Amino acid sequence: MLLIRNGYMIDPKSGREGKYDILTDGDKIRRIGKNLEQPDESCQIIDGEGLLVAPGLVDVHVHFREPGFTEKEDIITGAAAAARGGFTTVVMMANTRPPVDNEDTLKFVLERGRDTGIHVLSCANVTLGMQGRELTPMEKLAAAGAAGFTDDGVPLLDAELVREAMKRAAALDMPLSFHEEDPALISENGINRGKASAFFHIDGSPREAEITLTQRDLELALETGANINIQHISAKESVELVRQAKKRGSNIHAEATPHHFTLTEEAVIRHGTLAKMNPPLREEEDRQAIIQGLVDGTIDIIATDHAPHTTEEKEREITKAPSGIIGLETALPLAITGLVNGGYLTMKQLLRLMSTNPAGLYHLNAGFLAEGGPADIILIDTSADNIPGDYASRATNTPFTGWNLKGRVVKTIAAGRVVYS
């Protein structure tokens, strides 16, 4: 048992906030109230004075690279980074080697996740081998424990196949997440076609590559009733497409990453491959549109797209280095610094974007604080200095190392156990 005393609690789901004590028993919250008594001497007391007490964060877009790429990250080190960043639940993407297109690989990654101390879930692939030609046995994968379906990293180009996948996912009441970049329009990925591509003397990736597939999949989702998530949105036009689609249907969701609401293509010119990602960082108008989308609810999820790579890979020339950055340990301080301290969101609104809403997309029992609910809790010092650089992740590929940020996770509790302190 744990008794958290003297903290300021925010539950983004119910809207309840104030000075409350929380008593946990096993993996559940037993009591929330004022001046709770310690039930017995075996109950550990945690002093939350001066700290924000919130539900554990939920990240529905992480790459832990296992199986197949464990020199970058594995499920154990990825989960350690998650716990340090305040995430008690993560959903892994399925672009591993072999991919999660079969029950055996799904079983393997889920069993590995049980050894981490946090809740590690996994999507399964939409298509066999991520080849975009034949659908996976979605019903069998759902029965085996898949949280949802995605070929993240490889856009799906066959509209009829996407329509059929949406119909089957809708029948299962499970979400589909889409990486929206049409490779036919991209010369070199990871770099915006504009100032950044001109700097590197390449053609780069135009915004149209994202816009076209986003528009197609929104229309298909409205037609089929599928529950979809437009991943790592980067273009202002895509934000507006989602905004209009949400007026026509309730199963439309979109996510923004901290790097897309913090940085522009100027960062790629300054940091090189450390700021190369898919879709790429774009212009200031796009960044502002993403922030406005978060403010007005068009974009209802913040996800990290935690994408670890080795130092050797990121030291290659700009067109040959892989895209992606790590994000689990910087997401919360970036959001507090840029969105809350920047005056765009309240802390309650931010927590909803990082816990309640992503949990809702995947129908998870997570992202809230309530009696009888899960004992997944974080304690945050929202005013503490945070200078990223000492990572629990195996990887260090991020342009945010050395930044002066605010907000630090002091304790992470998952299923009633302290997993980071």
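Modeller: Two strands are said to pair if DSSP finds at least two bridges between them, and strands are DSSP runs of E with at least two residues, helices runs of H or I with at least four, numbered from the N terminus. The model here is predicted, so local features need pLDDT of at least 70 and side-chain atom pairs count only at pLDDT 80 or more, while totals for chains, interfaces and linings use all residues. Residues are numbered from 1 along each chain as its sequence is written, and side-chain values use heavy atoms, leaving out hydrogens and water.

Colleague: Which residue of β4 is the bridge partner of L3?

Modeller: L3 has L23 as its bridge partner in β4. Strands β1 (residues 2–5) and β4 (residues 21–25) pair in the antiparallel sense, over three bridges.

Colleague: In which sense do β1 and β6 pair?

Modeller: Strand β1 pairs with β6 (residues 44–47) in the parallel sense, over four bridges.

Colleague: How many residues of α12 are buried?

Modeller: Buried means under 20% relative accessible area (1.4 Å probe, protein chains only). In α12 (residues 331–340), eight of the 10 residues are buried, so this helix is largely enclosed by the rest of the structure. Among them are L332, P333 and L339.

Note on methods
Buried < 20%, exposed > 50% of the residue type's maximum accessible area, 1.4 Å probe, protein only.
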